[in-house]
Amino acid sequence: MEHNIYIYILVMALVTYGIRMLPLTLIRKQIRHKTIRSFLFYVPYVTLAVMTFPAILTATDSVWSAVLGLLAAIFLAYRGKSLFQIACGACAVVWISEVIIFM
């Protein structure tokens, strides 16, 4: 079976463009339905989380150090720390666990 990469690229471009174009052309009025508005509000956050979570778990040599870094980041975020403090804290936990614990 011969695969043509240009067909794949064309389909991907049409799907990506269609997702962005259809709401602009089909929906002219303001959306008033509470559930739909809530769904559309959280779509970017869910998309970012879905793309980020696997990268977090595969970014280190050990999955366990990645999990420790993720837990540290969640804890720091829950405590209300800034994004810079969360990133530094998670990196420090991953580094310590990679160097000391999982040698």
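Me: What span should the 25 residues of helix H2 have, and how far apart are its end C-alpha atoms?

Reply: The model discussed here is a predicted one. Helix H2 covers residues 34-58, and at 1.5 Å a residue it should span 36 Å. The end C-alpha atoms of H2 are 37 Å apart, which agrees with that expectation.

Me: Where does H2 bend, and by about how many degrees?

Reply: The bend lies at Val-43 and amounts to about 40 degrees. A proline, Pro-44, follows within four residues.

Me: How many helices and strands does the protein have?

Reply: There are four helices and zero strands. Along the sequence, this gives the pattern α-α-α-α.

Me: Why is the protein described as more spread out than a compact globule?

Reply: The radius of gyration is to be set beside the value from the globule rule. For 103 residues the rule gives 13 Å, whereas the protein has a radius of gyration of 20 Å, well over that value, so it is more spread out than a compact globule. Along its principal axes, the C-alpha trace spans about 55 × 50 × 20 Å.

Me: What percentage of the residues count as buried, and what is the accessible surface of the protein?

Reply: Of the 103 residues, 15% count as buried. The accessible surface comes to about 9200 Å², and carbon and sulfur atoms account for 74% of this area.

Me: Which share of the contacts with a separation of 6 or more comes from residues 24 or more positions apart?

Reply: Such residues account for 45% of those contacts in the protein.

Me: How is a pair of aromatic rings described?

Reply: Two values are used, namely the distance between the ring centres and the angle between the planes. In this structure, a search of the whole model finds three aromatic pairs. One of them joins Phe-41 and Tyr-42, with ring centres 5.0 Å apart and planes at 85 degrees, so this pair is edge-to-face. Another joins Phe-41 and Tyr-45, with centres 5.9 Å apart and planes at 55 degrees, so that pair is tilted.

Me: How are Phe-41 and Tyr-45 placed in helix H2?

Reply: Phe-41 and Tyr-45 are four residues apart in H2, which means that about one helical turn separates them. Together with Tyr-42, these two residues form one aromatic cluster.

Note on methods:
Residues are numbered from 1 along each chain as its sequence is written. This is a predicted model: local features need pLDDT of at least 70, side-chain atom pairs count only at pLDDT 80 or more; totals for chains, interfaces and linings use all residues. Side-chain values use heavy atoms; hydrogens and water are left out. Helices (H or I, at least four residues) and strands (E, at least two) are DSSP runs, numbered from the N terminus. The radius of gyration is taken over C-alpha atoms; the globule rule is 2.2 Å times the number of residues to the power 0.38. Buried means under 20% relative accessible area, exposed over 50%, partly exposed in between (1.4 Å probe, protein chains only). Contact means heavy atoms within 4.5 Å. Accessible areas come from the Shrake-Rupley method with a 1.4 Å probe; for residues, only the protein chains shown count as cover. The expected span of a helix is 1.5 Å times one less than its number of residues. The bend at a residue is the angle between axes fitted to the seven residues ending there and the seven starting there. Rings of Phe, Tyr and Trp (its six-membered ring) pair if their centres lie within 6.5 Å; planes under 30 degrees apart count as stacked, over 60 as edge-to-face and the rest as tilted.
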